[in-house]
Amino acid sequence: MTALPIGPDTGEADAVEVVRAWVDEHVPVAWREAAARGGSAAIREVRSRAAYEAWYPTFGASGLVAATWPVAYGGLDLSRSVARAVEAVLAPYNLGRLNPLGLNLAAPALFAHGTEEQRLRFLPPIVRNEERWCQLFSEPGAGSDLASLATKAEWVGDEWVVTGQKVWTTWAHVSDFGVLLARTEPSAPKRKGITYFLVDLRQPGVEVRPLRHIGGEIDFNEVFLDGARVPDSQRVGEVGDGWRVANATLSGERQMVSGSGSGGVDRIGGAGAERLVRLAGEHGATPTQRQAIVEAWSEERIRAWTNERVRAGIRAGRSPGPESSIGKVHQGELNQRIQLLATDLLGAGATAWPAPGDGSWSDTLPYEVKGMLRSRANTIEGGTTEVNKNIVGERVLGLPREPDPWHDAAWSEVPR
């Protein structure tokens, strides 16, 4: 299948007609019937994750996954308004984008700082979910203070050789490539001696060790790099300019986890306020709980509108900036409140459930409990709430930076 016959000169009405015809031809009948019958919840009953992954190449080939991207990169080069109209046609069928870290973390850096050769090589497989991506940034000694990272990349012969350790690497165990920050100039100040690379994880010298989280599942990993090789063609930006390149990825990550309307992962940990309304109808709710539900629903709508303003800038060709931190700060705390309220509405069912003897206890957890447990990471992942508040204060509100006596010192001289 080739991309749909629509492009930058296609009017909104014509594009909608073409996409509706594509849906009728390519979206399985059972999924469409479930969407009409009961929305996303009904779709999940008839569509397994495996079935969606098997069908996804059809979606990727259509150009609809990233419709505003140029055709050469896997998109359709649609205008912002036409892309919105097209997305409205797709919305009822819950066609979530796979490979979100490729789409939201790797792609912004490639668009802002990559070469044309890099974009042509890496973006189309990201769209088609043929090469999955993760982010190799955080380290055991460099989390909130990411710029103090110690993983090193040395120029040996005609390539870079990388040695170090990364941690909390989401989905590294199922990824093919990772965006990597490594130190190339220890004698430079910590933010000026870092370089940004695209590293192949399916090579000798890369070991991925999964970390099981509190809900019993595996999202995060440790990654050990021991002599991993990276050709210079997979360096993004100039040597020593990786911190500037990384800001495109970090802003994309904050936008991705900013919740409703963000255009990335809509929510990490449980469902949204709409589910609270359904739970209240099923289990009942006290006046205090009803008030909390209304507050959560209202805040979720406000956040969606705020995120849409950021997305409008992205569609206009601007990388997500510090304003994405606003949504990130709000989303983390709000989602935790929503998930706690969901478990509260369940009552005793949230604290007592059957536990099998085969060690698969996490499979028996109620959906709301799993969401509540997973949401505890919301105020940490994508940059801690405290770090993002600093970004908002300094780069949005214009407040003075915190004093740093080591700001201009060589990284090799900074205490760690």
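Q: Is V396 buried, partly exposed or exposed in this predicted model?
A: In this predicted model, V396 lies in helix α12, which covers residues 385-396. The partly exposed class runs between under 20% for buried and over 50% for exposed. The relative accessibility of V396 is 39%, so the residue counts as partly exposed.

Q: Which residues form a nonpolar patch on the surface together with V396?
A: A residue needs over 30% relative accessible area to join a patch, and V396 has 39%. The patch that includes V396 has about 360 Å² of accessible area together.

Q: Which element gives the largest share of the lining of the second largest cavity?
A: The lining of the second largest cavity consists of G270, A271, G272, R275, L276, I338, Q339, A342, Y367 and E368. Two or more of these residues come from each of α8 (273-283), α10 (324-346) and α11 (367-375). The largest share, 3 residues, comes from α10.

Q: How many nonpolar, polar and charged residues does the lining of the second largest cavity have?
A: Among the lining residues are R275, E368, L276 and I338. Arg and Glu count as charged, Leu and Ile as nonpolar, and Gly as polar. By class, the lining has 5 nonpolar, 3 polar and 2 charged residues.

Q: What does E368 form a salt bridge with, and how far apart are the closest N and O atoms?
A: Side chains of opposite charge can pair when their charged atoms come close. A salt bridge needs a side-chain nitrogen within 4 Å of a carboxyl oxygen. E368 forms its salt bridge with R275, and the closest N and O atoms are 2.6 Å apart.

Q: Which parts does the pair of E368 and R275 tie together, and how many residues apart are they in sequence?
A: The salt bridge joins E368 to R275. E368 lies in helix α11 and R275 in helix α8, so the pair ties together parts whose separation in sequence is 93 residues.

Q: Which class of accessibility does E368 have, and which does R275 have?
A: Buried means under 20% relative accessible area. E368 has 7%, so E368 is buried. R275 has 23%, so R275 is partly exposed.

Q: How many residues apart are E53 and R49?
A: E53 and R49 form a salt bridge, with the closest N and O atoms 2.9 Å apart. Relative accessibility is 32% for E53, which counts as partly exposed, and 57% for R49, which is exposed. Both residues lie in helix α3 (residues 49-62), about one turn of the helix apart, that is, 4 residues.

Q: What is the N to O distance in the salt bridge of R401 and E394?
A: R401 counts as exposed at 54% relative accessibility, while E394 is partly exposed at 22%. Their side chains meet in a salt bridge with an N to O distance of 3.5 Å.

Q: How many salt bridges does a search of the whole structure find?
A: E299, E333 and R337 are linked in a network of salt bridges. A search of the whole structure finds 19 salt bridges.

Q: Where is N99 found, and what is its phi?
A: Most residues other than glycine have a negative phi. N99 is not a glycine, yet its phi is positive. At 5% relative accessibility, N99 counts as buried. N99 is found in the loop between α4 (80-90) and α5 (100-113), and its phi is about 60°.

Q: Is N129 buried or exposed?
A: N129 lies in the loop between α6 (116-127) and β1 (133-136). Its phi is positive, near 60°, in a residue other than glycine. The relative accessibility of N129 is 18%, so N129 counts as buried.

Q: What distance separates the C-alpha atoms of L345 and Q289?
A: L345 is found in helix α10 and is buried, with a relative accessible area of 5%. L345 and Q289 are 56 residues apart along the chain, and their C-alpha atoms are separated by 8.0 Å.

Methods. Residues are numbered from 1 along each chain as its sequence is written. This is a predicted model: local features need pLDDT of at least 70, side-chain atom pairs count only at pLDDT 80 or more; totals for chains, interfaces and linings use all residues. Side-chain values use heavy atoms; hydrogens and water are left out. Patches are made of residues with over 30% relative accessible area and no salt bridge: like charges are joined within 9 Å, nonpolar side chains (Val, Leu, Ile, Met, Phe, Trp, Tyr) within 5 Å. Accessible areas come from the Shrake-Rupley method with a 1.4 Å probe; for residues, only the protein chains shown count as cover. Buried means under 20% relative accessible area, exposed over 50%, partly exposed in between (1.4 Å probe, protein chains only). On a 1 Å grid over the protein atoms alone, a cavity is a set of points where a 1.4 Å probe fits but cannot get out, and a pocket is an open set with protein on both sides within 12 Å along at least five of seven lines; lining residues have an atom within 4 Å of a point.
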